[in-house]
Amino acid sequence: MGNCQTVGPSEALVVSGGCCGAASRKTVIGGWAWAWWLVTDVQRLSLNVLTLNPRCEHVETKQGVPLTVTGVAQIKVMTEPELLQTALEQFLGKTADQIGEVVLQTLEGHLRAILGTLTVEQIYQDRDEFAKLVREVAAPDVGRMGIEVLSFTIKDIFDQVDYLASLGRAQTANVKRDADIGVAEAERDARKPSSPTSCRRRARSRRSAPKRFRSTSSRGRSRFRSSRRRSKGRRRTSPRPSDCRPRQRATASRRSPPERGHRRSRLRTPTVRRSRPSDRPRPAPSRRWARQRQRGCV
């Protein structure tokens, strides 16, 4: 009597033994097999992809700089008949963790060997080439175990002597300098007039503005604009009677001629208003006074 054993596509089923001392071994992937009781042995081997994280700490490069490199590798058991038999001979009966530990030690050994032949610049600047070199060197040794390296990439590279940080300081300083120059040029271009039309408009507004509001600064221009707005919104009214009265002319006092040998003073003599006596007759009104009186301003 026996049992029917089934297996999926991600496992390899191995049936060994049989009746009458048979020494044959049957391997099935994604199928079924018959196993006799007491005389046959049934074992399984996983064909799933395993993820490994090789890590090499404080490995000296060609220049003597200690680096710590971590990577990520994807491996699996090959399904070719000859290579599958090799993998079954070495890993049958072991768990996936035990298989990954064996392959991990092999990858880390090759990673350390390759790190000693390259410089820091070659490892840091061209990671793809470095990972490709590790994969090519480790693939033959791992392939003899019936394991295939699907991919290998470098995850991180760092050191404890600040060698990699020193490599980036010069480039960082150049980038900051270029950024400061670009900002300064942009601010300079922003201060320039946008177009010749705007320049002509500003010159026209300055010519039309009163003298007291003419200014090249933005503050003076804003004062002029605000005064024009206020004058536009103000309503015109008739002149007050006080404004229509004729102004009295101030007579200046006569100056004495300067003495010989003395320079004439640049300061003008202040004008003095002389009161008109009440007994003297008032002069005849002018034409302007007559017109204002007809209008009713006086």
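Buried here means under 20% relative accessible area. I keep that cut-off at the head of the page for the residue I looked up. The model is predicted.

**Entry: Thr106**

I looked up the accessible area of Thr106 and found a relative value of 18%. That is under 20%, so I put Thr106 down as buried. I then checked where Thr106 sits in the chain: it belongs to helix H2, which covers residues 96-115.

What does the side chain of Thr106 reach at 3.3 Å? I found the backbone oxygen of Val102. Next I set aside the neighbours of Thr106 within four places in sequence and listed what else is in contact with Thr106. The list holds Asp141, Val142 and Met145.

**Entry: the sheet**

I traced an open sheet of three strands and noted the order S3-S2-S5, with antiparallel pairing. Which strands are at the edges? I found strand S3 (25-29) and strand S5 (40-46), each of which pairs on one side only. For the twist I noted an average of 20° from one strand to the next.

I then looked at one pair in detail. Strand S2, residues 11-17, is joined to S5 by seven bridges in the antiparallel sense. I followed Gly17 across to S5 and found Thr40 as its bridge partner.

**Entry: the helix on the sheet**

Which helix packs on the sheet? I found helix H1, residues 81-91, and noted that helix H1 touches S2, S3 and S5. I also looked up the angle between the direction of helix H1 and that of S3, which is about 110°.

Conventions: Residues are numbered from 1 along each chain as its sequence is written. This is a predicted model: local features need pLDDT of at least 70, side-chain atom pairs count only at pLDDT 80 or more; totals for chains, interfaces and linings use all residues. Side-chain values use heavy atoms; hydrogens and water are left out. Helices (H or I, at least four residues) and strands (E, at least two) are DSSP runs, numbered from the N terminus. Buried means under 20% relative accessible area, exposed over 50%, partly exposed in between (1.4 Å probe, protein chains only). A polar contact is a pair of N or O atoms within 3.5 Å; within protein, one must be able to donate a hydrogen and the other to accept it, and residues adjacent in sequence count only if both atoms are side-chain atoms. Contact means heavy atoms within 4.5 Å. Two strands pair if DSSP finds at least two bridges between them. Axes are lines fitted to C-alpha atoms, for helices over the stretch in contact, and angles run from 0 to 180 degrees between N-to-C directions.
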